[in-house]
Amino acid sequence: MLKGEMCSELVAHALSLGYRHLDTGSTYDNESEVGEGLRFSGVPRDDVFVTTKVWLTDIAPGDLERSAEESLKRLELDTLDLLLIHWPNPAIPLAGSIKALNAVRSSGMARHIGVSDFPSVMLAEAVHLSDAPLVANQVEYHPFLDQTKVHAACRAANMAVVAYAPLGRGEALFKQPAIGDAARRHGKSSAQIVLRWHVQQEGGVAIPRSERKERLAENIDVFDFELSGDEMVAISRLRSRNLRIYDRDYSPQWDEPA
């Protein structure tokens, strides 16, 4: 994760390029730097959508609210745009976690609430338990990983799918003809093709991370072209590999990707 002065500088630079969504989490150890970068950028606070997450050890009632308060202090913000449960915890009843998440929203600490790394069955349960709408499920998602069930569940609940690690492992993915051929046709990089593939999916949001300023500029330059239907299908077929980057060490028993 980006930390220290590099983090605050890159946040400010990203905002200068036109980025308006900042994603962090209590375990990233960089909320203070993200907040500093936002202030240093000069971009009005109301123009930027700030997301942070509560780690799985802190999602019990009481703990979750305290975690949200601590995140706000580190970010030096009055309210969050989106607060997510970072990961489900089988040792903590989901009903209590969702109730606490709603309490954070009701108190004004967060405008919107959601979850992260929830498979479709657990997502349906969370939606049922929540009084307020859950607006997003942040999951690992890239062309090598099939998240069809999660996408369907999110569409049914009118939720956005926020893709972390949207470029997979990069090099291996970019070598695929479906991506390389599209890059040549459109005069774009392979990374831009993959990010455009994300953008064109219903309810899709991608949050690529980079430590290089030139990559930040490249990653946002994906709105002046469109992939054809055939190109979208060809890239989507790569999901049959079902390759995951991040392990499931913290998760309950998963019946499907998330």
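Author: Start with pairing: two strands pair if DSSP finds at least two bridges between them. Strands (E, at least two residues) and helices (H or I, at least four) are DSSP runs, numbered from the N terminus. Here, Thr 52 stands opposite Leu 83 in β3.

Reader: What am I looking at, and how are residues numbered?

Author: This is a predicted model, where local features need pLDDT of at least 70, side-chain atom pairs count only at pLDDT 80 or more, and totals for chains, interfaces and linings use all residues. Numbering starts from 1 along each chain as its sequence is written, and side-chain values use heavy atoms, with hydrogens and water left out.

Reader: How many bridges join β2 to β3, and do the strands run parallel or antiparallel?

Author: Four bridges join them, and the two strands run parallel. β3 covers residues 80–85. On the other pairing, β1 (residues 21–23) and β2 are also parallel, over three bridges. There, His 21 stands opposite Phe 49 in β2.

Reader: Is β2 mostly covered or mostly open?

Author: First the cut-offs: buried means under 20% relative accessible area, exposed over 50%, and partly exposed in between, with a 1.4 Å probe and protein chains only. β2 spans residues 49–54, and five of its six residues are buried.

Reader: What hand do the β-α-β crossovers have?

Author: Point the strands away from you. A crossover is right-handed if the path from the first strand over the helix to the second then runs clockwise. β1, helix α2 (residues 31–41) and β2 make a right-handed unit. From β2 the chain crosses through helix α3 (residues 63–75) to β3, and this crossover is right-handed too.

Reader: Now the holes. How do I tell a cavity from a pocket?

Author: Both are found on a 1 Å grid over the protein atoms alone. In a cavity, a 1.4 Å probe fits but cannot get out. A pocket is an open set of points with protein on both sides within 12 Å along at least five of seven lines. Lining residues have an atom within 4 Å of a point. Points are joined across faces, edges and corners, and a volume is the space filled by probe spheres set on them.

Reader: What volume has the second largest pocket, and which helix gives the largest share of its lining?

Author: The volume is about 170 Å³. Helix α6 (residues 148–156) gives the largest share, three residues. The lining includes Tyr 141, His 151, Arg 155, Trp 197 and Glu 202. For classes, Ala, Val, Leu, Ile, Met, Phe, Trp, Tyr, Cys and Pro count as nonpolar, Asp, Glu, Lys and Arg as charged, and the others, Gly among them, as polar. This lining has two nonpolar, five polar and four charged residues.

Reader: How many cavities of 30 Å³ or more are there?

Author: One. The largest cavity has a volume of about 40 Å³. Tyr 141, His 151 and Gln 201 are among its lining residues. β6 (160–164) and β7 (204–206) each supply at least two residues of that lining. Its residues divide into four nonpolar, four polar and no charged.
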